[in-house]
Amino acid sequence: MSHEAPETTLSSSRPSSPRMWRSLAEFHGQEPFEQKLLREHPKQTQKSFDPPERRDFLKLMGASLALAGVSASCTKQPLEKLVPWAKNPEQLLPGKALFFATSMPWSSGAIGLLVESHMGRPTKCEGNADHPASLGATDVWSQAAVLGLYDPDRSQSILYRGRPATWSSFMDAMKQTMTEQAGKQGSGLRVLSQAVVSPTLAAQLRELLAKYPKAAWHQWQPANRDNARAGAQLAFGQDVELQPRFDKADVVVSLEADFLSSTPGNVRSIREFTSRRKLRGGKADGLNRLYVLEGRPTCTGAAADHRLTLRAGEIEAAARALASKLGVSGAVPAPSGAAFAAWVEAAAKDLSEHKGSALVVAGESQPPAVHAIAHLINEKLESIGRCAQYLPPAEFSGSDNAQSLATLAQDMKDGKVEVLVMLSGNPVYDAPADLEFGVALAKVPLRVHLSQYRDETSELVDWHLNETHFLESWSDARSADGTLGIVQPLIAPLYSGKSAHEVLAVLADKPGVSAYDTLRENAKKLLGEAEFERKWRRAVHDGLFAGSAAAPVSVSGRKLEVPAAPAPIGLEIAFRTDPFLHDGRFANHGWLLEQPRPMTMLSWDNVIQLSPATAEKLDLETSDVVEVAFAGRKLTGPVFVTPGHADDALTLTLGFGRRKAGNMGNGVGYDAYALRTSSALSQGSGATLRKTGETYALATTQEHDKMDTNLPENLREELSPVRVATVDHFRENPHIIKRKEQENTSLYADRNKGEYAWGMVIDLNACTACGACVTACSAENNTPVVGKTEVMRGREMHWLRIDRYFQGDPKNPKIYTQPIPCMQCENAPCETVCPVAATSHSPEGLNDMVYNRCIGTRYCANNCPYKVRRFNFYLYSDYDSETLKYGRNPDVTVRSRGVMEKCTYCVQRINRANLAAKKEDRKIRDGEIRTACQAVCPADAIVFGDIKDPKTAVSKLKAEPQNYALLEELNTRPRTTYLARVTNPNRELES
Amino acid sequence: MSNKTTDVEPPALIGPGHSLASVTDKIADMVLTKRTPLGWWLAIAVSGTFVGILGFTVLSLFFRGVGLWGINNPVGWGFAIINFVWWIGIGHAGTLISAILLLLRQGWRTSINRAAEAMTIFAVMCAGMYPLMHTGRPWLAFWMLPLPNSMGMWQNFRSPLIWDVFAVSTYATVSLVFWYVGMVPDLATLRDRARNIWVKRAYGALCLGWRGAASHWDRYEIASLLLAGLSAPLVVSVHTVVSFDFAAGIIPGWHTTIFPPYFVAGAIFAGFAMVLTLMLPLRAWYRLEDFITERHLQNMGKVMLATGLIVAYGYAIEGFMAWYSGSAYEQFMLTNRLTGPYKYEYWSLLLCNILIPQIMWSKKARSSVWMLFFVSMSVNIGMWLERFVIVVISLHRDFLPSSWGMYHPTLYDWSMFLGTIGFFIFAFSLFIRFLPAIAIFEVRGLVPRGPARPGKSTHH
């Protein structure tokens, strides 16, 4: 393999001519140009650990030896001066973490965070308990934010036509352009943004539009709130957003609303929903009931008491039938013989019996009519103002994303657009395929793109501006309930990036105005001049403007006049965002690529999901590569047979198949946007499949779907890893879960001599498997990314995994999930077998893992019945990428090759609390230590603490009748125990 | 009665017409001959290549990590431990022949004990490479030894792996000493017969000044007896301790008390199979039919049959206990062996280790060199599969179905395995070329004219 010099130099300045290209393939960035470009990028974690060539190894070894001789004899290290801090900055103590409040903006509203910072380096995000969208918890994306910040593949400079340029040259260029535009009132100026939740940014945009009245502001985000807002318009004639209050709802019907998965804004809904799933004190009061209609298994479906699989296009009919049962005007009854008739009837009855506390929610991917129906049912059920609140949308600009982008594309093709400024977003990759955005873009004379990565769009623009990460910039952001949060930088921009505020300031001819100044100006309007400084500091400290939540809007329903959509014909094709990569913006985050998807357990790929029956009908198996044709477009991808998927339907996952995501994300999966057109943004019908005869290897972390295949029939209920009971059985006998207490038959004496005995309880009735805990664990514990090849070989390194099991009919199975960290057994099988005592019992009952002492016999992992130990088969930790080193938790060792590792109950956090308590001469307070998984859990399903003290939260949970230990018959006496799943089925639907 | 006894008198242990001199000539010439057989060069060339492959594999493992192997989570042990146990088991026959049969005064052992002991040494060397290289950080493997250190760290004596370190290192040491001490008189014979001065000096140094004095013989006999006494418990202890690696674990398929006796029987079973595998070609190439007679072959066949039946009993008990224990996981372990993804391996194991050795009931088969070779190869494979079944099938599906997996050996698994086989053949070839492969002085004791010296091992 020869390493010729790359032709395009991206980071160093070199005078050159306009960008040249040799072939169309190169122009579009396909191989091999892309390969060369890749080599230019700084290295992140290797994608796989496939062996390097032996010859390469010898060459490198020889060269390094030779160079070692040269450098030892001929060079001298340059002199560097170290200057100590004569006066230490306030509060900055090496080894002591500081926390700062900030917000992570999202289309549906921002989430408030508290970011841990070590010596000026943000290392971990936690939830901001004061923030209504966080309530102390976070989602997977805020956990991965730190990785995004330090991603070595981020764009590191401003480029003009592919060559490095400066901010001042951009300002000069824009000044000239804007002067030209001023003459035409901006008729050639277009700004394309993503959903804007920042009032400051919105104000800037409006100011710009005021100055250039003929200019236009468009917005596009592939996963948007269009349907929801259009639905509200249909139902109420008002632009409002439903803010469900799941904590106040006794019965919830979800029309494909996936509010318990890893979806934007899920944190609050999970918290509120699961607050009604927790059984305490042996009682089953207040347990809510969830009905879910959906086309493919999601976390929401898994948590449901009743789940019905329907194609996405059939849900509207079911919704109309439900509405008709409940007497909503304009609804039509169910067609006779509909598969969902009995189900809808029972759900309708249940809803009507819970007026005021019954809630119907519709998913973003459902058409506006379904949203309208949901709203009208809520009105009919007298739930509005109770468990269904309507608020003004968090987003500014009410324009329909699809319409807005289509108009822009048409204008571009018609040559009406002279200057296009794209503030974030990646429309060349994610715009509907029929708009041919890339082609349209080529017709725009001046293209400006602000972006964190040199992505698919950046390569087709004149000016690429490297964008700041939200942890590097000042801004503000509204949350779903209207609360205004502050986006506070944790670190100066790593690559002198610019934020959208600064770019807009240039357009508005106010160069030099920083985002911070703009933000403060706007804050003055909100807080008033009086005592502004004090209020401002308070807001920055809290991360939000207290009391800025929006007041509910009163709404009244109209008659439903939308005609019913026809039922899907033939094979339905549905496009859904990925739980972790979302719309593709996180495609270069190794943690998110590798983390197994909650329902498919797939990592590193997207798939074409279909049901077992459809697969059989089409003679397909998992891993078969098929060609999907839809509306004249085609793509190929691997099939994944998914139990619980609707028949005659395909699900394609967006966010993969990136060509220019970065070293990690390039070429992972297929690009489903290639089939996604304006007319079928969520789903369409009439797709066809053709088997190509090829197969494609997929990396799943769990190959077995059933939890009891190894158990005889009569013991399945008793020994299954996830224990389940219905609420009726539980009421009859709360001890239904409890088995005969295991005697401690260990030969060794009880060793809990420590002051504390740490233990954990995981409530399976609350856990929704959203995955935030797994990402948080990676972020907290510096767990490495191993790559697809290694995952396929069963070598993923997650300390905490979420098992998923199916039970019953593959058409509509029951789905159970179970997070599995280290059980910290008191009679730990791992400890006795380690020859060098590298894993041993602490006085406080932890199975300590001493990396330094480990020689890597792997006996402990073999002997672990829970298989929670993870081994560094290779040097998985990235020792090379400098920026990634900043993001690591300095309190946790970065493990090297050949050592075992596992969950430690975040022993660094325990020790931190221990030190604090010792200094203050007190005991550690209950709740003072929160493990990383516990801290982020939106469901509050994980509780950690001292089990020696019967008054702690964890001790109380352990005393609950539904508390059980996994594999307790082995007498391992795990410190981690589970609260069993107690479902609340409707007796009428129980067969 | 006595007439009848003569009728069933087993075949002689040495061919007819041999004198003391002819025995010495025949065996010593194998070493001192100037004409190295072409076959020997061929064996060295082929096995030497595999030694090179072994070296490359070991270096790769050292520099890049055990990730090169197919091991994963849940199957943390793969070929390395399978082969370790396999090689250790093979070594057992040597110790059994040299120690226990010596103590039991089984005269027929004399012509095969030297080679069998050599086999033990080389097998233990092969075995020893695996535990070292299978550690994640082999350069720190010495932490398994109780050496004083600044960390104040001691070993975890509850771990069977530590017991292994002691058991295997003791075994290797005692076997080596026993083998070497046993060779001293013959080395002196070679010294005396060598014509080349350097060869003479080399053997002279090795034979530690042996002159054949009565006092030497006296001490030799005492030393042999003591060493045999030391070795005898090792035959039982080593594989017992190796079996603890599994039996002390909690995994279904490991956690069982039948393992120690069943491992020991299996080891002897495998060891005799390997002795036959080596001796049969050696006997043919070097025309040693007079020393390794049909009676030797018969006896080895019988030992294989007997130990094979013990092993079969072990399998049966495992199955019975899975049912009788009432443990769902044990029962599943058995079902998974019989019907799971590795069922072919398990059925092949039953075929190789139980069904095929039944041929040995037939005296005709026991007398047939080809049949013996076939059975011994089948047992070699079967015993390897047994370890595969124990290590891989038990680990790949244990308690929680969520963490079940599969194990697929990689090129490096195979290269290390074939490399150690190459090393074994390489070392064995060197042994038969440079050291007396049959104990000259002991075989001389078998010459019908009567004992050449007041030896104890000759009459029975």
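Predicted model: local features only at pLDDT ≥ 70, side-chain atom pairs only at ≥ 80, totals over all residues.
Two strands count as paired if DSSP finds at least two bridges between them.

**A three-strand sheet in chain A**
- The strands E1, E2 and E3 of chain A make an open sheet, in the order E1-E2-E3 and with antiparallel pairing.
- Strand E1 (98-104) and strand E3 (121-127) of chain A sit at the edges; each has a single partner strand, so one side of each has no neighbour in the sheet.
- On average, neighbouring strands here are turned by 35° against each other, ignoring direction.
- Helix H4 (residues 140-149) of chain A lies across E1, E2 and E3 of chain A, and runs at about 165° to E3(A).

**Strand E37 of chain A and its partners**
- Strand E37 covers residues 976-979 of chain A, and both of its faces are covered.
- On one side you have Thr976(A) and Tyr978(A), on the other Thr977(A) and Leu979(A), and all of them are buried.
- E37(A) runs parallel to E28(A), with 4 bridges joining the two.
- Across from Asp763(A) stands Leu979(A) of E37(A).
- E37(A) also pairs with strand E36 (residues 963-964) of chain A, this time in the antiparallel sense and over 2 bridges.
- Tyr978(A), in E37(A), is the bridge partner of Tyr964(A).

**A closer look at Leu764 of chain A**
- Leu764(A) is in the loop between strand E28 (758-763) and helix H23 (772-781) of chain A.
- Is Leu764(A) buried or exposed? Leu764(A) has 23 C-beta neighbours inside 10 Å, and a residue is buried if the count is 20 or more, so Leu764(A) counts as buried.
- Leaving out residues up to four places away in sequence, Leu764(A) touches Val722(A), Gln818(A), Tyr978(A), Leu979(A), Ala980(A) and Arg981(A).
- Leu764(A) and Lys278(A) are 486 residues apart in sequence, yet their C-alpha atoms are 9.1 Å apart in space.

**Two helices packing in chain B**
- Over in chain B, helix H4 (residues 79-103) packs with helix H14 (residues 369-396) at an angle of about 140°, and their axes are 9 Å apart.
- That angle is why H4(B) and H14(B) are called oblique to each other.
- The crossing of H4(B) and H14(B) is right-handed.
- H4(B) brings Ile81(B), Ile82(B), Val85(B), Trp86(B) and Gly89(B) to the contact, while H14(B) brings Met383(B), Trp384(B), Arg387(B), Phe388(B) and Val391(B).
- Sorted by class, the residues in this contact of H4(B) with H14(B) are 8 nonpolar, 1 polar and 1 charged.

**Where chains A and B touch**
- How many residues does each chain put into the contact? Chain A gives 47 residues and chain B gives 42 residues.
- On the chain B side, the elements that give two or more residues are helix H6 (160-193) and helix H11 (328-339) of chain B.
- H11(B) gives the most to that side, with 4 residues.
- By class, the side of chain B that touches chain A has 22 nonpolar, 15 polar and 5 charged residues.

Conventions:
Residues numbered from 1 in each chain as written. Chains lettered and ligands numbered in written order. Contact = placed C-beta atoms within 7 Å. Nonpolar A, V, L, I, M, F, W, Y, C, P; charged D, E, K, R; others polar. Buried ≥ 20, exposed ≤ 12 C-beta atoms within 10 Å, placed from the backbone. Axes fitted to C-alpha atoms, helices over the stretch in contact; angles between N-to-C directions. Parallel < 35°, antiparallel > 145°, perpendicular 65-115°, else oblique. Left-handed = near helix turned anticlockwise from the far one by under 90°.
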